[in-house]
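Q: I have a two-chain model open and would like to learn how to read its features. Could we go through a few together?

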Amino acid sequence: MSRFEFYNNDGLRIDGRRSNELKNFESSITTTSNFANFSRNTSTNTTYLQMGQNKVLVTINGPKEPTNRTKIDSNKATLSTNINISKFSKVNRNTNKSNLPDKQTLEWEYEITQLFSTIVVLETYPKSTISINVTVLQQDGGVLSAIINCITIALINNSIQIYDIITAVSIGIVDQKHFLLDLNHLEEQFLSSGTIATVGGGDQVSLLRIRDKFPLDLIEEFMQVGLQGCSVLKEIITKQVKDMNLNKLVEIQ
Amino acid sequence: MNTLFSTTEKSYFRESLTKEKISECLRSDGRDFKQLRTLESYPSFLNNCNGSTRLVSQDGTETIVSCKVQLMENDSKLNELELLNRLINIDLSIPDLDNSNKLLNQMEDSIKNNIVSQLQGTDKLKVTQKYSFQLFIDILVINCNSYPLGLISLAVYSTLNSTLFPVLISQDDDLLVEQVPQFHDYDLKLIKIPCPITFVVAIFGDDLLLVDPSEEELQTADNCLLINYIEDKKVIGPIRTIQFNDEYTKGFNPLVLSKAFELVESIGDEVLSAL
């Protein structure tokens, strides 16, 4: 048993949330081309998501012509993901000298590319590439879910056609009976946990990732809690994207 | 940083900046000659760092600077300069450029030397006789569209001015008594580390000087100057030239240099007060 009481008798967690309460979710967009820069197409949008203490920045390049001719697919666009976890993102600075990504990041990159290849309407953009650049500035628990949510918002902000919104959320299990939604870093460290991503907030699970030892008889309830969290998150994202783009519209006019 | 312009485009940019009358010259983005690009600044936005800044420039370049403080035991064999070089650690990364890029190293060195030269002779980083604070300054540039040193130096300045250090509660003289310094649990204090900011000034002909040039101006300029400025109307060394194109690069009239200093001195304080 760990020395922390993750879920007390009053139904409160370490940070004072209820078991099914999500972290503070706040997204914003920085549009910088507020004048016609005729020489270059710098309509760069940076989408910034703050999910609890996770801080993620996503920029999307494209759809554009690929620099490498071998990457051209004449039927649809190719998607590539690049995740950069900054050295200062944790409390203790990562002293690794090289800037090469570690194995987990590479795995995430692959998974996210696979996930979004099915969601983006790639057939609309033949012979082009869409590259997603993710920068993680600060990590709390559930970074993967924050990255996925931020990419979804960024795709919408960049007007790239998608079939539906993908939302992701992390879930942990306490004492084999309580399910905690949207973990913070302490909970993630000590509990068996997993991440669920669903399409459109419905009951279609598109990504499931479970770490550590996991009691399989609990998986049904685990999925239920996750799906519920995802559908709530979908509503939040839809609302925030609408508000954001209304603000953008007001700024342009 | 990797935009390619055609010869026609370049000559168009060049022509609009090399008119006979200076009043007829126009910058491609409509700025005044001594006007910097619009900045958005978000100071102290990472809460697990001692200091941090996010600066977004008008052209889309985003700079994120974080500063972390660690305790380091002094090596008594080192002299002051060597020690300072070890105390200040700069790590600059631009996702589009690889780690061994020369431009990256030049910018990293320039920022480091600026800070080290200002700290020489002061004991701002000293904790006790045996221990010092070690600074890890990580710089991240996203969406880089032009030479970012000017923007980076502004972000570093703003970060170092808001970096909070832990407060020592044990004795500061530990030469005779062996002890590890102890810090207050949560109290932090501000130590202002002097840091010059760098202005990039592009030279066109004998008269025209442009502050904070955009990529198209860098590609058509005669020459560029990197001028360091510190508070109280002082231009300080090192001052160097840098070129970004082969086509138009040529020498410049030395009288331009003093003009450039005047220009930087006239705008420097305004820029610093804005941060």
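Predicted model: local features only at pLDDT ≥ 70, side-chain atom pairs only at ≥ 80, totals over all residues.

Q: Let me start with one residue: which residues does B:Gln182 touch, not counting residues up to four places away in sequence?
A: Leaving out residues up to four places away in sequence, B:Gln182 touches B:Val167, B:Leu168, B:Ile169 and B:Ser170. As for its place, B:Gln182 sits in the loop between strand E6 (164-168) and strand E7 (183-190) of chain B. Its C-alpha atom is separated by 38 Å from that of B:Glu40, 142 residues apart along the chain.

Q: How much area do chain A and chain B bury between them?
A: The general idea comes first: the size of an interface is often given as the accessible area lost when the parts come together. Here chain A and chain B bury about 2,800 Å² between them, with 52% of it on carbon and sulfur atoms. Chain A brings 29 residues to the contact, and chain B brings 34 residues.

Q: How many salt bridges and polar contacts are found across that interface?
A: The rule finds two salt bridges across the interface of chain A and chain B. One of them joins the side chains of B:Asp91 and A:Lys87, at 3.1 Å from N to O. On the side of chain A that touches chain B, the elements giving two or more residues are strand E2 (45-51), strand E3 (54-64) and strand E5 (129-138). The residues on that side of chain A divide into seven nonpolar, 17 polar and five charged.

Q: Now a helix: what span does helix H2 of chain A reach?
A: Helix H2 (residues 143-157) of chain A has 15 residues and reaches 21 Å from its first C-alpha to its last, close to the 21 Å expected at 1.5 Å a residue. H2(A) is mostly covered, with 14 of its 15 residues buried. Just after H2(A), A:Ser159 takes a positive phi of about 55°.

Q: Does A:Asn158 count as buried or exposed, and why?
A: A:Asn158 counts as buried because its relative accessibility is 16%, and the cut-off for buried is under 20%. A:Asn158 lies in the loop between H2 and strand E6 (166-174) of chain A. The side chain of A:Asn158 reaches the backbone oxygen of A:Ala154 at 2.9 Å. Not counting residues up to four places away in sequence, A:Asn158 touches A:Asn45 and A:Ile60.

Conventions
Residues numbered from 1 in each chain as written. Chains lettered and ligands numbered in written order. Heavy atoms only, no water. Contact = heavy atoms within 4.5 Å. Buried area = accessible area lost by both parts, 1.4 Å probe. Salt bridge = Lys/Arg side-chain N within 4 Å of Asp/Glu carboxyl O. Helix = DSSP H or I, 4+ residues; strand = E, 2+ residues; numbered from the N terminus. Nonpolar A, V, L, I, M, F, W, Y, C, P; charged D, E, K, R; others polar. Expected span 1.5 Å × (residues − 1). Buried < 20%, exposed > 50% of the residue type's maximum accessible area, 1.4 Å probe, protein only. Polar contact = N/O pair within 3.5 Å; in protein donor to acceptor, adjacent residues only side chain to side chain.
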